[in-house]
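Dear colleague,

Please find the structure below, followed by some notes on what was found in it.

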Amino acid sequence: MTKLYWQKFIALYLTVIIGIGIVFLLIFAIVAFKNGLGNSHYPIAFLKEGEQVHLISSQFFVFKNLVFMKSWLLFLIAISALVSLLSHNLVFNLFILFTPILLHQYGMLDTLISKQLSPFLITSYVDTAHVILGGDGFSPLSNNKITFSLGMLLLLISTIIVVLFSLTVLRKRNRNIYL
């Protein structure tokens, strides 16, 4: 049963990555045809620790953004796999998947939780471009400890915890079948 779980997990991840990749490539091809490719070494300014301005190439920015998005997808797929093990309700599964996005989008947690805890909340890393750049074009992030590397580490640890919990649930369920 664990082997089947991993097969489903990997198949779902690859399907989502390929599907999103095809959409991105289609949009990229249309934009490139219309506007041209441009310069991949065009500098993009970002804030380091909320104070120092550094430059990265647009190529490196896109690479970091893709890596961050793939990590988010992996986390959301792990959450989806866990919720589908616990409940077979599709609406509940979708609600759980969209909760981190909605909590960040409307700033619901900003009023409830102090700024010191925000770097350790997964919802602080939903807006990947702002995390990589250290803010938007007008102001830095609310906490300078919210960084790309901490976000990747938090996503990785959270994904591992969710997958291990899913495997525990799966093993307990299999034990109950044979009793």
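To begin with the aromatic residues, F9 counts as buried because its relative accessibility is 8%, where buried means under 20% relative accessible area, exposed over 50% and partly exposed in between (1.4 Å probe, protein chains only). W6, at 34%, counts as partly exposed. This is a predicted model, in which local features need pLDDT of at least 70 (pLDDT being the predictor's confidence in each residue, from 0 to 100) and side-chain atom pairs count only at pLDDT 80 or more, while totals for chains, interfaces and linings use all residues. Residues are numbered from 1 along each chain as its sequence is written, and side-chain values use heavy atoms, with hydrogens and water left out.

The structure holds four aromatic pairs, a pair being rings of Phe, Tyr and Trp (its six-membered ring) with centres within 6.5 Å, called stacked if the planes are under 30 degrees apart, edge-to-face if over 60 and tilted for the rest. The rings of W6 and F9 are edge-to-face, because their planes stand at 80°, with the centres 5.9 Å apart. F60 and F63 are stacked, because their planes stand at 20°, with the centres 6.4 Å apart, and both residues lie in helix α2, three residues apart (helices are DSSP runs of H or I, at least four residues, and strands of E, at least two, numbered from the N terminus).

K64 has its charged end over the ring of F148, 4.6 Å from the centre, and also lies over the face of F46, at 5.9 Å from the ring centre; the criterion is NZ of Lys or CZ of Arg within 6 Å of the ring centre and within 35 degrees of the ring normal.
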